[in-house]
Amino acid sequence: LVPAATNYIPIMPVQRCATTYGWKFADSVGVRSLAYVLPEQAATQNLHVPLEDFAAFLGKAAADLPGSTDETDEEKQAAASTYTTGRGPDLRTDMMHYHPDHYFKAASAGQLNIQHPPGEQAKKWQEQMGLFHSTEQALQDAETRARLIVELRSKCAVSPGCQEDAVIQFAKLLHRQQAVQAPSMTVARELEQLNRALLSYRPNN
């Protein structure tokens with residue numbers, strides 16, 4: 001039961017996200033949680049739960065437990081891990097609270113299915129995933145890393161510059177470069193600029 005009238009963690013609005021840091025930590029080790037959110041009640045009050053609605057919630061939860069014959073495991077996974085953008089809260093608003101790499105890694109591993117309406121948003125997502133995969137490869141290959149660093153350095157230096165996801169990938173590459181070769185003061189200053197730039201993408205976070 002989650003009384004959510006009070007937003008306990010400013011960067012993670014429980015009322016909208018129905019999750020907390022504790023649950024995110026649990027997710028990382030495979031523990032599943034089901035939240036019944038009480039958006040108009042606070043933890044400091046006596047809670048009033050609508051029994052019929054809560055009973056229906058528990059019934060649905062029981063049907064979703066392992067061993068249920070209503071759905072296959074694949075169907076349950078697909079239902080639980082699909083984002084359809086365009087309806088709030090959606091991927092875009094959630095990504096303002098969580099690091100974009102969390103989404104890229106989950107999508108790359110098949111743990112998250114991002115469904116975009118056709119158009120610019122879908123194209124942008126494909127470009128972001130493409131850059132993520134290129135960066136992951138470049139982290140392991142010095143030649144690819146050097147080439148990608150030059151490309152991102154050139155892109156971010158001219159208007160309109162780089163979006164947040166590109167800055168994140170650029171910073172990852174520079175961190176790796178600093179770790180595998182003699183550290184450079186020039187690169188260290190560049191990383192500092194990138195970290196400062198990342199703050200500007202989330203002024204209220």
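Me: Which residues form one aromatic cluster with Tyr36?
Reply: Tyr36, Phe54 and Phe57 form one aromatic cluster. Rings of Phe, Tyr and Trp (its six-membered ring) pair if their centres lie within 6.5 Å, and planes under 30 degrees apart count as stacked, over 60 as edge-to-face and the rest as tilted. This is a predicted model, in which local features need pLDDT of at least 70 and side-chain atom pairs count only at pLDDT 80 or more, while totals for chains, interfaces and linings use all residues. Residues are numbered from 1 along each chain as its sequence is written, and side-chain values use heavy atoms, with hydrogens and water left out.

Me: How many aromatic pairs does the count come to?
Reply: The count comes to 5 aromatic pairs. In one of them, the ring centres of Tyr36 and Phe54 are 5.0 Å apart and the planes stand at 75°, so this pair is edge-to-face. Tyr36 lies in the loop between helix 2 (21-28) and strand 2 (37-38), whereas Phe54 lies in helix 3 (residues 51-63), so the pair ties together parts that are 18 residues apart in sequence. Helices (H or I, at least four residues) and strands (E, at least two) are DSSP runs, numbered from the N terminus.

Me: And how are the rings of Tyr36 and Phe57 placed?
Reply: Their centres are 5.1 Å apart with the planes at 65°, so Tyr36 and Phe57 are also an edge-to-face pair. Phe57 lies in helix 3, so this pair ties together parts that are 21 residues apart in sequence.

Me: Is Tyr36 buried or exposed?
Reply: Tyr36 is buried, with a relative accessible area of 9%, and Phe54 is buried too. Phe57 is partly exposed, at 24%. Buried means under 20% relative accessible area, exposed over 50%, and partly exposed in between (1.4 Å probe, protein chains only).

Me: Changing topic, which residues have the most contacts inside the largest nonpolar core?
Reply: They are Leu148, Leu152, Phe170, Leu173, Leu174 and Leu194, in a core of 18 residues. A nonpolar core is a set of buried Ala, Val, Leu, Ile, Met, Phe, Trp, Tyr and Cys residues joined through side-chain atoms within 4.5 Å. The elements that give two or more residues to this core are helix 7, helix 8, helix 9 and helix 10, and the largest share, 7 residues, comes from helix 9.

Me: What is Leu174 in contact with?
Reply: Leaving aside neighbours within four places in sequence, Leu174 is in contact (heavy atoms within 4.5 Å) with Ile149, Arg153, Val187, Glu190, Leu191 and Leu194. Glu190 is found in helix 10 and counts as buried at 14% relative accessibility.

Me: What about salt bridges, how many does the count come to?
Reply: The count comes to 5 salt bridges, where a salt bridge is a side-chain nitrogen of Lys or Arg within 4 Å of a carboxyl oxygen of Asp or Glu. One of them joins Lys172 and Glu136, at 2.9 Å from N to O. This pair links distant parts of the chain, with Lys172 in helix 9 (residues 164-180) and Glu136 in helix 7 (residues 120-138), 36 residues apart. Lys172 counts as buried at 19% relative accessibility, whereas Glu136 counts as partly exposed at 29%.

Me: Where do Arg196 and Glu192 lie?
Reply: Both lie in helix 10 (residues 185-200), 4 residues apart, which is about one turn of the helix. As for networks, salt bridges that share partners join Asp101, Glu136 and Lys172 into one.

Me: Last one, which residues form a disulfide?
Reply: Cys156 and Cys162 form a disulfide, with their sulfur atoms 1.8 Å apart, the rule being a pair of cysteine sulfur atoms within 2.5 Å. The torsion about their S-S bond is about -100°, so the disulfide is left-handed. Cys156 is partly exposed at 23%, while Cys162 counts as buried at 8% relative accessibility.
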